[in-house]
Amino acid sequence: MVLSHFVLLLVSYVVASNSSVTIPTTSASNSSTPVTSSPLTLPISHYPFNPFPTPTLAPGPPIFPATDPLYPPPINADPMVVPDFAPAWAAAYTKAMSMISNFTIQQKVNITTGVGWGNGLCAGNTPPVGNFPGLCLQDSPLGVRDTDFVTSFPAGITTASTWNRVLMRARGFAMGQEHRMKGVNVALGPMMNMGRIAQGGRNWEGFGADPFLSGEAAYETILGLQSGGVQATAKHYINNEQEWKRTLESSNVDDRTQHEIYAHPFMRSVMAGVSSVMCSYNLINDTYACNNNKTLNDIMKREFGFQGFIQSDWFATMETLSPVAGLDMSMPGAITLGSGTQNLTDFVMNDIISIQRLDDMATRIIAAWYFLHQDEGYPNVTVSSFDLYNPLNREVNAQSDHYLIVREIGAAGTVLLKNEGALPLCKPKSIVLVGSDAAPPVSGPNEYTDKGGDPSGILAMGWGSGSDNFTYLVSPYEAIQSRARVDQTSVFWDFDDWDLAKAGNSVIGMEAAIVFVNSDSGEGYITVDGNVGDRKNLTAWHQGDQLILAVAAQNNNTIVVTNSVGPLIIEPWVDHPNVTAIVWANLGGNEAGNAIADILYGAWNPSGKLPYTIAKSPTDYPAQLVTGGTIADILSINYTEGLFIDYRWFDAQNITPRYEFGFGLSYTTFEYSDLAITKVNPANYAQMDLVQNWEDGGATPIAEGSTTALWLHMPAYEVTFNVQNTGALYGCEVPQIYIHHPPSAGEPPSVLKGFTNVVVSPGQTTSVSITLSRYDLSVWDVVRQGWAKPEGTITFSVGASSRDFRLSGIIPA
């Protein structure tokens, strides 16, 4: 269909933001050549507007139930239910349109524009207008930032490492409750950038380096957050994959890669009923993300049928005409820090931006407020972001018993990489803890603002706006001491990372030596030890490699525990004969030490899986950090690897990783058997003409909500198999399903399209089911601008990681 939004835009603007860049797929990119031309912008002109219609759906129970965000579908290890939020959005829109019907232009502008930096209690604030009380928008993706008596949850990367939808949803729900109790209307999370670059400073906030895993984690987190009562925000949309020059870099991405990789988690967010999307700082194909017609209007609002509002990242509104490209809210309310400038009123008064577009902006924002029922007795704000000593921060204690879910996710998100009989510990006579990462921070848990400093103790979260304040922090030293008291174990420690001789001598004669190392990163407005947000390298901090080797040289039972924001190169010590176990503990939040102890002592049988690949060399990764450029240059970051990120690249290039994506050991063993696949007959309410068109090789139509259409995501195939626990301990396995497209499709060799959790007792066999949708089997057709099934035979494998396939089959024609 023809969309009136776009025919009225100037051709030069459409070309700039809609262009498809041809990307080869044979080499990694580390170019630092700056773009010399300025990004194209809209000229002052006349821009009429017609609102996007509500997508035409074909809902019907039980697969597509009408859903209220406060009451999402029950959690399922393999979700077969696709929630239909259309009725709830329609009701919210009716109320919102009624509210603004008598508002003035200035009042509508106030709804869409923040009050300015530091001029309210929250990180972002909109003013009250009429009966609309305004909004409090607050970080972070792992808890409520800049206040007291809240929980510090495990980071997104830890949550993704659980591969457990129940825990993802539970974490989201608990965070949603805490935001609501503190009076926050809009939680600025989750974060779902793709971890394209292993050194990326904010990777730990997100869910790893695979779009499917990231999408499922985002989906469950949003369902959880919004069932807790707070509006969720999917960020950072899109291609914000490094911190260096994030406001002066153009991510140059071809159309297919954008759809299949980077946009997928945001599409799943829309399917979860997300209220808000935050556009990012960077440019996309030479047009700023918050001014990009292709990504905001065409993909987010047209293809995905997004009904909520798009807000800018803070000061990412590059020009007042951004609403024409799809921006609905400017945060924190001025175009640049300290400018106080916002002339949207003038643009509407002069009919440069139409009153219909302003109405649409205000309606979307108020509709999201109604959508979450925040008009019904919502708590007052008890956050004071710019005065941390304000007693208001201590008025409400929102923690409840959320420490329980923190500890469980911390343990479930820990990945056992190596174990040669060293673990679990069983009442050892003596142990020694080596390394500062085992200790409590010297100056307390909040020793640096926004965690922006070299950690003197355990690393439990990265730095930047994605952090929050610890109410307490349990270190491994404290947790292990507590267990040692019960076991009557002699415990010794050496927290000095720098005296290698002393460290080596401290472990002589000990039954077990546990070395703790870490690696930190964060947002680029803070530099720590020369790391400008992004990591300078992929080695452990505080000479961690040398510390491990010094200990391993003098103790033949050296256990390594790593708290890291992402992958490390561990080649110097991974194969050392005295390194008997490696525990990859990620970032555990408040209860980090307890979660690590639970793994070490077997209170939790490891079930975590890697959400990224650990390489043998940094150069094995397909994309590298792009640096260089002067203060005025716009860096070109060319996504030359295309679809081949992380494990997809390693598979295609036949590169052997140290530990592959999806890998993780257990204290028990599992066997797979009896694979079968059956075709699921479409229900009688499905859009059978579109189903048949897809079966015949046709692409999805160019229409509102075409990518999120229910017929495309309904279960189409059911894969069943058995998993048996062949070991001696109760444990959880995470079976994964990977699709193998025919070579003509141009896809990576293996693509994750499903996973589930299986809890099995010793000797028990459990039947497992994973469903696949038509979307799961489709690829993006650039010419037809839709999703289509590739020609040829599609096969699949089921296994324990991206390289440990146990069963294989063929998708029926």
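Helices (H or I, at least four residues) and strands (E, at least two) are DSSP runs, numbered from the N terminus. The model is predicted, so that local features need pLDDT of at least 70 and side-chain atom pairs count only at pLDDT 80 or more, while totals for chains, interfaces and linings use all residues. Residues are numbered from 1 along each chain as its sequence is written, and side-chain values use heavy atoms, with hydrogens and water left out.

**Exercise 1.** Locate Asp776 and decide whether Asp776 is buried or exposed.

Solution. Asp776 sits in the loop that links strand 24 (765–773) to strand 25 (779–781). Its relative accessibility is 9%, and therefore Asp776 counts as buried (under 20% relative accessible area, with exposed over 50% and partly exposed in between, for a 1.4 Å probe and protein chains only). Leaving aside residues up to four places away in sequence, Asp776 touches Phe212, Ile739, Lys753 and Thr771, where contact means heavy atoms within 4.5 Å. A polar atom of the Asp776 side chain lies 2.9 Å from the backbone nitrogen of Ser773.

**Exercise 2.** Describe how helix 4 and helix 13 cross, and which residues meet.

Solution. The axes of helix 4 (residues 105–112) and helix 13 (residues 355–371) come within 9 Å and cross at roughly 50 degrees; the two helices are therefore oblique to each other (angles under 35 degrees count as roughly parallel, over 145 as roughly antiparallel, 65 to 115 as roughly perpendicular and the rest as oblique). From helix 4, Ile105, Lys108, Val109, Ile111 and Thr112 meet residues of helix 13, including Leu358 and Met361.

Methods. A polar contact is a pair of N or O atoms within 3.5 Å; within protein, one must be able to donate a hydrogen and the other to accept it, and residues adjacent in sequence count only if both atoms are side-chain atoms. Axes are lines fitted to C-alpha atoms, for helices over the stretch in contact, and angles run from 0 to 180 degrees between N-to-C directions.
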